[in-house]
Amino acid sequence: MEYNKLIDNTLLKADATKEQIIALCEESKKYDFKSVCINPDFISLAKKNLKGSDVLICTVIGFPLGSMTSKAKAFEAKDAIEEGADEIDMVINISALKDKNYEYVLNDIKAVREATKGHTLKVILECCLLTKEEIVKACELCVEAKVDFVKTSTGFSLWGAKVEDVKLMRETVGPDMGVKAAGGVRTHEEMLEMVKNGATRIGTSSGAKLMK
């Protein structure tokens, strides 16, 4: 297995500098990672520095809380694609999910799905804030909305990816949808455990370390 092509090499910190993003791109080209995962304002910089490579540009939408309006998320996603993003990782409306307002959650995802036609869409559930039942329901809504991946975490809440959540997500979405484990995956052994339990993509700020 080409483990490098499972990795979204990630830098989403609010204080990330231009130099750090350039370094992330260089590292990602060196290891031929699947993508760099960055905030939207760095898309054009990443596009310039990844030119000539097959490393994709992934960006985040409605990040990290997921609580903005569906119209705002859809606009943000469309704008990111126009800037050069290849993949979109959006955060669900966690409050609406916990309130059992499933129609709102579904339409929220569908709005971004519509705005990202032809591009990979991953939906961040933020599992650390959800019960097992809520994780299952969120996955079912993602299947209904025909997204490409479900994703465990933003990496900015209580904790990141857990093996049991990845396993539950895989069991719920079935064999065909992608599952991204993100947040706290810092060793090669942890990556292998996530993959063993159903992850098909790894979001990590420790990409180089995972390859050593």
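Student: Leaving aside neighbours within four places in sequence, which residues is arginine 113 in contact with?

Tutor: This is a predicted model, where local features need pLDDT of at least 70, side-chain atom pairs count only at pLDDT 80 or more, and totals for chains, interfaces and linings use all residues. Residues are numbered from 1 along each chain as its sequence is written, and side-chain values use heavy atoms, with hydrogens and water left out. Contact means heavy atoms within 4.5 Å. By that rule, the partners of arginine 113 are His119, Leu121, Ala145, Lys146, Val147 and Asp148.

Student: What is phi of aspartate 32 near?

Tutor: Aspartate 32 is in the loop between helix H1 (18-31) and strand S2 (35-38). With a relative accessible area of 27%, aspartate 32 is partly exposed. Its phi is again a positive value in a residue other than glycine, near 55°.

Student: How do H5 and H6 lie to each other, in one word?

Tutor: Two packed helices are described by the angle between their axes and the distance between the axes. Axes are lines fitted to C-alpha atoms, for helices over the stretch in contact, and angles run from 0 to 180 degrees between N-to-C directions. Helix H5 (residues 102-115) and H6 pack at about 45°, with axes 9 Å apart. Angles under 35 degrees count as roughly parallel, over 145 as roughly antiparallel, 65 to 115 as roughly perpendicular and the rest as oblique, so H5 to H6 is oblique.

Student: How many charged residues has the contact of H5 with H6?

Tutor: From H5 come Tyr102, Val105, Leu106 and Ile109, and they meet Lys137, Leu141, Cys142 and Glu144 in H6. Ala, Val, Leu, Ile, Met, Phe, Trp, Tyr, Cys and Pro count as nonpolar, Asp, Glu, Lys and Arg as charged, and the others, Gly among them, as polar. The contact has six nonpolar residues and no polar ones; the charged residues number two.

Student: Is the crossing of H6 and H7 left-handed or right-handed?

Tutor: The axes of helix H6 (residues 132-144) and helix H7 (residues 163-173) come within 9 Å and cross at roughly 40°. That makes H6 oblique to H7. A crossing is left-handed if the near helix is turned anticlockwise from the far one by less than a right angle, and right-handed if clockwise. For H6 and H7 the crossing is right-handed.

Student: How are the rings of tyrosine 31 and phenylalanine 33 arranged?

Tutor: Rings of Phe, Tyr and Trp (its six-membered ring) pair if their centres lie within 6.5 Å; planes under 30 degrees apart count as stacked, over 60 as edge-to-face and the rest as tilted. By this rule the count comes to two aromatic pairs. In the pair of tyrosine 31 and phenylalanine 33, the centres are 5.5 Å apart and the planes at 15°, so this pair is stacked.

Student: And how are the rings of phenylalanine 63 and phenylalanine 156 arranged?

Tutor: Their centres are 5.3 Å apart and their planes stand at 85°, so the pair is edge-to-face.
The pair links distant parts of the chain, 93 residues apart. Phenylalanine 63 is buried at 18% relative accessible area, while phenylalanine 156 at 45% is partly exposed. The ring arrangement, then, is edge-to-face.

Student: What is omega of the cis peptide bond that joins phenylalanine 63 and proline 64?

Tutor: Proline 64 lies in the loop between S3 and H3. The bond from phenylalanine 63 to proline 64 is cis, with omega about 0°.

How values were computed
Helix = DSSP H or I, 4+ residues; strand = E, 2+ residues; numbered from the N terminus. Buried < 20%, exposed > 50% of the residue type's maximum accessible area, 1.4 Å probe, protein only.
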